[in-house]
Amino acid sequence: MTILNHELRQNRLPFLIWTGSIALLLAVCIALFPEIESQMEDVSSLFASMGSFTAAFGMDRLDLGAFSGFYAVECGNVLGLGGAFFAALTAASILSKEERDKTAEFLLTHPVSRSRAATEKLCAAAVQVTAMNLLIFAVSAGSAAVIGETLLRKEFLLLHLAYLLMQLEITGICFGLSAFLRRSSPGAGLGLAAALYVLNLTANIAESARFLRWPTPFAYCEGADITARGGLDVSLVLTGLLFGAAGITAAYVKYCRKDIAA
Amino acid sequence: MYAIQTEHLTKSYGRKRGIADLNLSVRSGEFFGFIGPNGAGKSTTIRTLLGLLTPTSGSARILGREIRTETRAILSQTGYLPSETAFYPGMKVRDVLKLSACLREYGRRAHEDRPAAPCLQSPVPDQADILLEGRILCERLQLDPSRRVDELSFGSRKKAGIVCALQHRPRLLILDEPTGGLDPLIQREFFGILKEFHQDGATIFLSSHILSEIQRHCTRAAILRDGRMIACDSVENLARTGARRVTLRVREAPSAPTCAGRLEKALCPPDGSCPEPETLLPDGIRDLRITGETVRFLYCGDMNRLTAALAECDIRDLTVTEPDLEEIFLHYYTDAPSPSANRSHF
């Protein structure tokens with residue numbers, strides 16, 4: 001547990017900043033809803049006429065005038081993107097930063113096996129991502145209660161669960177990157193998260209690009225789909241978890257036998 | 001019983017040289033020196049022994065344990081001081097020492113599966129004992145534990161690294177260029193601490209390019225060059241190669257170069273002779289320097305040939321002294337790399 005605790009302590013500040021910013025942004029969005037609600041009928045028709053842009057964000061299938069539709073779109077952009085970036089950044093640097101800062105030599109000349117170190121670091125990333133989602137959900141639920149709405153409904157809970165799974169998948173993939181790349185891993189992680197996001201937008205716009213839903217975890221975070229189905233798309237989620245597991249496996253295989261550069 | 005034993009240990013990375021075919025034996029309880037210039041492969045050897053690098057071929061055992069498979073058991077009995085110590089940013093020295101002590105806990109059960117010989121192993125001390133030892137070491141090395149590691153000077157960072165390497169009282173100490181950045185007083189204290197560890201039965205493996213350090217403290221030493229071990233012997237024997245520093249003063253300054261030329265011609269090694277691989281210096285004259293009427297050179301070989309050659313010069317004064325390790329070392333390394341090139345030089 002020493003490495004896990006140490007890792008959490010080391011990353012305390014970035015964690016608080018990211019969690020705070022995302023929670024604040026969500027709270028502000030929710031607080032704005034009552035005011036927007038009255039104007040939403042016009043806005044909804046405006047959005048509905050924006051063609052593929054509307055489809056990209058799933059607004060053709062959601063009613064922005066209703067709290068659930070509004071929250072799914074807002075949440076998708078703020079928590080989805082923000083959380084994905086935080087997960088990518090944290091996981092992608094968690095192994096590589098030690099090699100970059102040359103602290104790997106300090107850590108690995110203590111009697112700790114490589115796999116043990118990797119396991120505790122992976123857990124640290126997963127704990128941070130999960131804690132962030134729980135805190136953000138709490139803040140969101142509180143804000144919603146203030147404006148007289150509730151988040152304690154199946155569709156919202158499923159939406160947040162989907163976001164957590166999506167961020168954990170990205171954590172797994174970026175953990176893999178972290179074992180292979182030394183200097184460029186945070187950039188690569190962020191780039192990957194952004195690319196997956198764009199992939200989902202593309203898949204939403206064009207029917208011929210529907211297959212792009214498979215590689216991106218954002219696909220199973222669509223509020224419209226979750227509401228329509230009354231559940232998560234299990235095959236998409238399982239595919240995503242496979243990607244995450246592949247990243248983690250690659251990380252272990254690489255990290256346990258790699259040369260730690262001086 | 002050997003503390004470190006390598007057999008044909010080789011580590012090569014791509015085009016860069018690593019170490020090649022290293023056969024090194026350090027007995028338990030020895031104060032061993034590992035000498036070589038920068039880039040000779042000292043750090044690569046150490047990092048391979050500690051499991052940071054995977055050997056390309058060959059094998060090695062530390063404290064009787066295989067480096068590839070029993071890394072954890074090895075590390076729990078080893079203290080390592082890297083040549084460049086890096087710590088996690090934002091931590092205080094005290095926190096780093098605490099972290100290091102906590103990380104030692106992972107090694108507590110590393111020996112249970114296969115106990116080693118008792119002389120090579122001692123139980124991991126309790127955390128409180130480790131931290132107490134750490135505090136004492138900090139005091140002796142004059143390191144303030146409440147300082148932040150990012151603010152430490154190079155020397156102070158080294159001190160923190162030393163405390164991390166020593167505070168759990170390991171059976172084997174591997175120190176990679178430990179004295180860089182330490183002032184002479186702290187160096188003396190540091191070697192005093194090492195002596196105490198040595199008296200308690202610990203093995204000390206000291207890598208350095210500072211020969212006086214090795215000559216003063218170590219009993220045996222190995223010399224590394226271009227990734228290969230070129231000599232391994234007691235420090236006394238290494239210094240006693242048969243090479244002599246010869247200084248002579250001729251009667252008149254203008255005759256000095258003529259005399260030097262004669263000596264050089266007469267003392268070149270006999271044709272076809274090949275320097276034995278184990279000797280530190282091949283036969284002949286090197287480092288020939290003429291200043292006014294003084295001729296200085298380093299001679300290695302048959303003394304009768306030297307006296308015969310000297311008889312041809314008009315000499316006013318002559319001294320023959322034993323060179324120190326540093327001198328031999330210096331000339332060995334500044335020589336051309338291959339023996340064939342060496343011979344054409346003479």
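Student: How do α4(A) and α9(A) run, roughly parallel or roughly antiparallel to each other?

Tutor: Their axes cross at roughly 150°, so α4(A) and α9(A) are roughly antiparallel (over 145 degrees; under 35 would be roughly parallel, 65 to 115 roughly perpendicular, the rest oblique). Angles run from 0 to 180 degrees between N-to-C directions, with axes fitted to C-alpha atoms, for helices over the stretch in contact. This is a predicted model, where local features need pLDDT of at least 70, side-chain atom pairs count only at 80 or more, and totals for chains, interfaces and linings use all residues. Residues are numbered from 1 along each chain, chains are lettered from A and ligands numbered from 1 as written, and side-chain values use heavy atoms, without hydrogens or water.

Student: Where are those helices, and how close do the axes come?

Tutor: α4 spans residues 67-94 of chain A and α9 residues 185-205, with axes coming within 8 Å. Helices (H or I, at least four residues) and strands (E, at least two) are DSSP runs numbered from the N terminus.

Student: Which residues meet there?

Tutor: Among them, A:Leu81, A:Phe85 and A:Leu89 of α4(A), and A:Leu190 and A:Tyr197 of α9(A) (contact is heavy atoms within 4.5 Å).

Student: New topic: how much do chains B and A bury between them?

Tutor: About 2400 Å², 60% of it on carbon and sulfur atoms (accessible area lost on being put together, 1.4 Å probe, summed over both). The contact takes 28 residues from chain B and 27 from chain A.

Student: Which chain B residues lose the most area?

Tutor: B:Leu52, B:Tyr88 and B:Tyr106, together 32% of what that side buries.

Student: OK, sheets. What's the order of the 6 strands in chain B?

Tutor: That open sheet goes β7-β8-β9-β4-β10-β11, with mixed pairing (two strands pair if DSSP finds at least two bridges). β7 (78-81) and β11 (228-234) of chain B each have a single partner strand, so one side of each lacks a neighbour in the sheet.

Student: How do β10 and β11(B) pair?

Tutor: In the antiparallel sense, over 6 bridges. B:Leu224 has B:Met229 in β11(B) as its bridge partner.

Student: And which strands make up the 4-strand sheet?

Tutor: β13-β14-β12-β15 of chain B, in that order, with antiparallel pairing. β13 (284-291) and β15 (315-321) of chain B stand at its edges. B:Arg249 is bridged to B:Asp317 in β15(B).

Student: Which strands does α9 of chain B lie across?

Tutor: β12, β13 and β14 of chain B, running at about 180° to β13(B). Helix α10(B) packs on the sheet too, touching β12, β14 and β15 of chain B.

Conventions:
Buried area is the accessible area (1.4 Å probe) that two parts lose on being put together, summed over both.
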